[in-house]
Amino acid sequence: MGQRFIHILNVPNLDLLGVREPEIYGRDTLADVKAACLRELDGTGVGLIFRQTNAEHEMVGWLHEARIGAFGIVINPAAFSYAGYSVLDALKMCDCPIIEVHLSNIHRREEEWRSRSIMTRSVTAMISGMGVDGYALAVRHMLRIDRRNAA
Ligand code: DQA
């Protein structure tokens, strides 16, 4: 088998992480998130594909790429969490562990609709409210589960 990859996929408005509502999302950028995830993967042999788009169709294409044989998917579905049915359908076709990550605690946000992610019922696990740490924790967890399964 060739090298396996964790796909970390980010969608609308996360390109502006660090400047977007920093009181909610913090001051770290997506580049900081990527660096933290690379640190987790260092020496493991597992590769990283780290992406962001504002376009739903692009996200669907990336999920098709990850559909078979990916090590795992870490997805922050951002605003697609609430109406991104094409993203949800694409996620359902993926055969690897999937962790949904939200920087903020979507259950504590002022707008009640933010707590109703349509993705959650179709993912392996969900991390919400741990800021940028959530991504690295998701990666660490996937590595640990894989090691446990291989033992
Ligand atoms: C978010 C929470 C969503 O409600 C919001 O639409 C986002 C970011 C988060 O990471 O906390 O864009 O997914």
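A disulfide is taken here as a pair of cysteine sulfur atoms within 2.5 Å. The structure is a predicted model, in which local features need pLDDT of at least 70 and side-chain atom pairs count only at pLDDT 80 or more, while totals for chains, interfaces and linings use all residues. Residues are numbered from 1 along each chain as its sequence is written, and side-chain values use heavy atoms, with hydrogens and water left out.

Under the distance criterion, zero disulfides are counted. Cys37 is buried, with a relative accessible area of 0%, where buried means under 20% relative accessible area, exposed means over 50% and partly exposed lies in between (1.4 Å probe, protein chains only). Cys94, at 11% relative accessibility, likewise counts as buried.

Two strands are said to pair if DSSP finds at least two bridges between them. Strand β1 (residues 5-10) is largely enclosed by the rest of the structure, because five of its six residues are buried. Strand β1 pairs with strand β2 (residues 47-52) in the parallel sense over six bridges, and within this pairing Phe50 of β2 is the bridge partner of Ile8. Five bridges also join β1 to β3 in a parallel arrangement. In that arrangement, His7 stands opposite Ile73 and Leu9 stands opposite Ile75.

Strand β3 (residues 72-76) is mostly covered, with five of its five residues buried. In a regular strand the side chains alternate between the two faces of the sheet. In β3, Gly72, Val74 and Asn76 lie on one side and Ile73 and Ile75 on the other, and both faces are covered. Strand β3 pairs in parallel with strand β4 (residues 98-102) over three bridges, where Ile98 is the bridge partner of Ile73. Together with helix α4 (residues 85-92), β3 and β4 make a right-handed β-α-β unit; a crossover is right-handed if, with the strands pointing away from the viewer, the path from the first strand over the helix to the second runs clockwise.

Strand β4 is also mostly covered, five of its five residues being buried. Ile98, Glu100 and His102 point one way from this strand, whereas Ile99 and Val101 point the other way. Four bridges join β4 to strand β5 (residues 125-128), and the two run parallel. Ser128 of β5 is the bridge partner of His102.

The largest pocket has a volume of about 180 Å³. A pocket is an open set of points on a 1 Å grid over the protein atoms alone where a 1.4 Å probe fits, with protein on both sides within 12 Å along at least five of seven lines; lining residues have an atom within 4 Å of a point. Its volume is the space filled by probe spheres set on the points, which are joined across faces, edges and corners. The lining of the largest pocket comprises 17 residues, of which Arg20, Tyr25, Ala78, Ala79 and Arg114 lie nearest its centre. This lining divides into nine nonpolar, five polar and three charged residues.

Conventions:
Nonpolar A, V, L, I, M, F, W, Y, C, P; charged D, E, K, R; others polar.
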